[in-house]
Amino acid sequence: MAEEQEKKTFDWLPEGMEALADGEYDAIIMGTGLKECVISGLLSVQGMRVLHMDRNDYYGADCASLNLTNLYKKFNAGNPPDNIGSNRDFNVDLIPKFIMACGNLTKMLLHTKVTRYLEFKSIEGSFVYKGGKILKVPATPEEALKSPLMGLFEKRRFRNFLLYIDAYDETKPETHKGRDLTVMTMKQLYEEFGLVPDTHQFISHAMCLQLDETHMNQPALATVKELQIYCYSLSRYGTSPYIYPVYGLGGLPEGFSRLCAIHGGTFMLNRDVDEIQYNDKGEAIGVRSGNEMARAKFVVGDPSYFPKEKVKATGQIVRCICFLNHPIPNCGDQESAQIIIPGPQVGRKNDIFVCSLSNSHQVTAQGVYIAIVSTKMEGDNPDKEVVPGLALLGHIMQRFTTVVTTYEPVGDGNSDKSYISSSFDASSHFEGDVDDLLSLYKRITGKDLDMNINADSVEADY
């Protein structure tokens with residue numbers, strides 16, 4: 001059977017070239033990052049023939065989870081020390097992100113039933129940095145009333161604000177209380193409730209997960225919806241609004257890859273794409289790898305697979321992966337946590353994100369903690385950018401620093417049949433990246449992905 005497949009021939013194959021795998025597909029997808037794997041899974045479920053390639057010999061591309069040996073190899077750090085634990089105990093995410101429990105990525109996992117391949121646990125704590133201190137983001141109205149984040153009268157105003165947000169329904173004018181959130185800005189909405197600027201900052205950055213201050217002068221509706229998802233996720237699981245897969249994020253692309261394979265998709269790891277081929281109209285029609293070629297109606301991939309003129313740089317992100325022998329101080333000895341440092345608190349435009357994980361999520365050996373600090377670069381000294389985050393960690397046993405340039409596509413892909421995802425952002429959650437994924441799906445298929453599924457229905461004990 002394998003010999004017959006090797007001998008497949010097509011009229012379009014130049015002399016001396018062979019067919020790559022089955023030769024003809026509906027879609028060729030390059031890179032096994034999360035976005036690409038979700039797309040290949042969704043397209044294959046719809047009956048499309050998919051060829052999925054990756055230059056690496058592992059799934060995940062830039063968002064892979066690496067064991068100890070591969071991590072040290074990637075950063076040219078020599079051999080791992082013997083006292084840190086065994087290789088198989090580690091699954092270290094290159095791009096660490098938590099999943100909003102009732103957000104769009106969870107809906108996607110449910111929609112495709114990929115949850116059956118994964119186990120999730122909640123993240124124990126969600127914190128915000130204010131005035132030089134790490135403070136817990138209140139998880140209940142009772143906690144809010146005790147929180148040192150606000151004074152007594154501000155707590156009451158905050159509670160009234162949250163009650164309004166909880167009741168607000170875009171389709172029910174009686175819940176709007178005379179406010180048109182498609183016109184009123186977020187700053188105006190905060191001021192309507194008498195909230196002070198410090199509280200605006202805490203809600204926007206730690207709860208609405210805004211990355212900077214631009215949303216303050218934009219219509220409030222989009223930010224209010226983000227706050228509703230945060231509150232809904234928080235009430236669902238109690239300790240924080242985030243969940244995370246046991247054994248690391250590498251399980252997510254693998255889960256969607258399995259979905260694609262079950263529906264007939266072909267996967268080729270350790271196979272680079274030497275050339276994307278275009279017709280006379282400039283439309284992508286296939287790829288070449290060595291002396292093998294495959295054709296498709298369109299191609300999809302991350303920016304690293306495409307010619308430079310198809311993408312544009314959007315900035316740089318610095319990420320520091322740190323090994324600790326203790327939980328992050330001042331977080332109540334939590335085994336896992338997220339800390340958001342709002343940019344204005346440390347004289348920056350962009351927020352700094354700190355997330356920590358441990359053996360409780362099966363990503364490290366017992367007694368070892370991982371803390372990852374990430375932010376968007378504002379200068380040219382990566383170490384300086386992450387100082388406020390690193391200062392919160394206490395003693396660091398080992399540190400790996402990476403600076404990556406982020407890219408986005410120049411066009412929407414419809415004219416050249418090249419559908420390109422954007423690079424992952426600097427935040428420690430997936431909400432912005434899922435927006436890009438939904439946009440990518442719509443550009444490819446011409447329709448919105450049906451997200452009308454209740455994110456409550458994950459059948460697992462978090």
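The discussion below moves from the whole chain to particular strands.

Trainee: What is the radius of gyration of the protein, and how does it relate to the globule rule?

Mentor: Please note that this is a predicted model. The protein contains 13 helices and 21 strands. For its 462 residues the globule rule gives 23 Å, and the protein is as compact as a globular protein of that length because its radius of gyration is close to that figure, at 23 Å.

Trainee: Which percentage of the residues is buried?

Mentor: Residues count as buried when their relative accessible area is under 20%. The accessible surface of the protein is about 20400 Å², and carbon and sulfur atoms contribute 47% of this surface. Of the 462 residues, the buried ones make up 54%.

Trainee: How many positive and negative side chains are there, and how far apart are the centres of the two sets?

Mentor: The count considers Lys and Arg as positive, and Asp and Glu as negative. On that basis there are 46 positive and 61 negative side chains, and the centres of the two sets are separated by 4 Å.

Trainee: Why is strand E17 described as largely enclosed by the rest of the structure?

Mentor: Strand E17 covers residues 337-341. Ala-337, Ile-339 and Ile-341 point one way, Gln-338 and Ile-340 point the other way, and all are buried. In a regular strand, side chains alternate between the two faces of the sheet. Strand E17 is largely enclosed because the number of its five residues that are buried is five.

Trainee: Which strands pair with E17, in the parallel sense and in the antiparallel sense?

Mentor: The parallel pairing involves four bridges to strand E8, residues 125-130, and there Phe-127 stands opposite Ile-339. The antiparallel pairing has five bridges, with Gln-338 partnered by Cys-355.

Trainee: Which strands are joined to E14, in parallel and antiparallel fashion?

Mentor: Strand E14 spans residues 292-295, and its parallel pairing has three bridges, including Ala-19 with Met-293. Its antiparallel pairing has four bridges, and Val-287 stands opposite Ala-294. The parallel partner is E1, residues 18-24, and the antiparallel partner is E13, residues 284-289.

Trainee: Which residue takes a positive phi in the hairpin of E13 and E14?

Mentor: Two residues lie between the strands of this hairpin. The phi in question is near 65°, and the residue that takes it is Gly-290.

Terms used. Residues are numbered from 1 along each chain as its sequence is written. This is a predicted model: local features need pLDDT of at least 70, side-chain atom pairs count only at pLDDT 80 or more; totals for chains, interfaces and linings use all residues. Side-chain values use heavy atoms; hydrogens and water are left out. The radius of gyration is taken over C-alpha atoms; the globule rule is 2.2 Å times the number of residues to the power 0.38. Buried means under 20% relative accessible area, exposed over 50%, partly exposed in between (1.4 Å probe, protein chains only). Accessible areas come from the Shrake-Rupley method with a 1.4 Å probe; for residues, only the protein chains shown count as cover. The place of a charge is taken as NZ of Lys, CZ of Arg, CG of Asp or CD of Glu. Two strands pair if DSSP finds at least two bridges between them.
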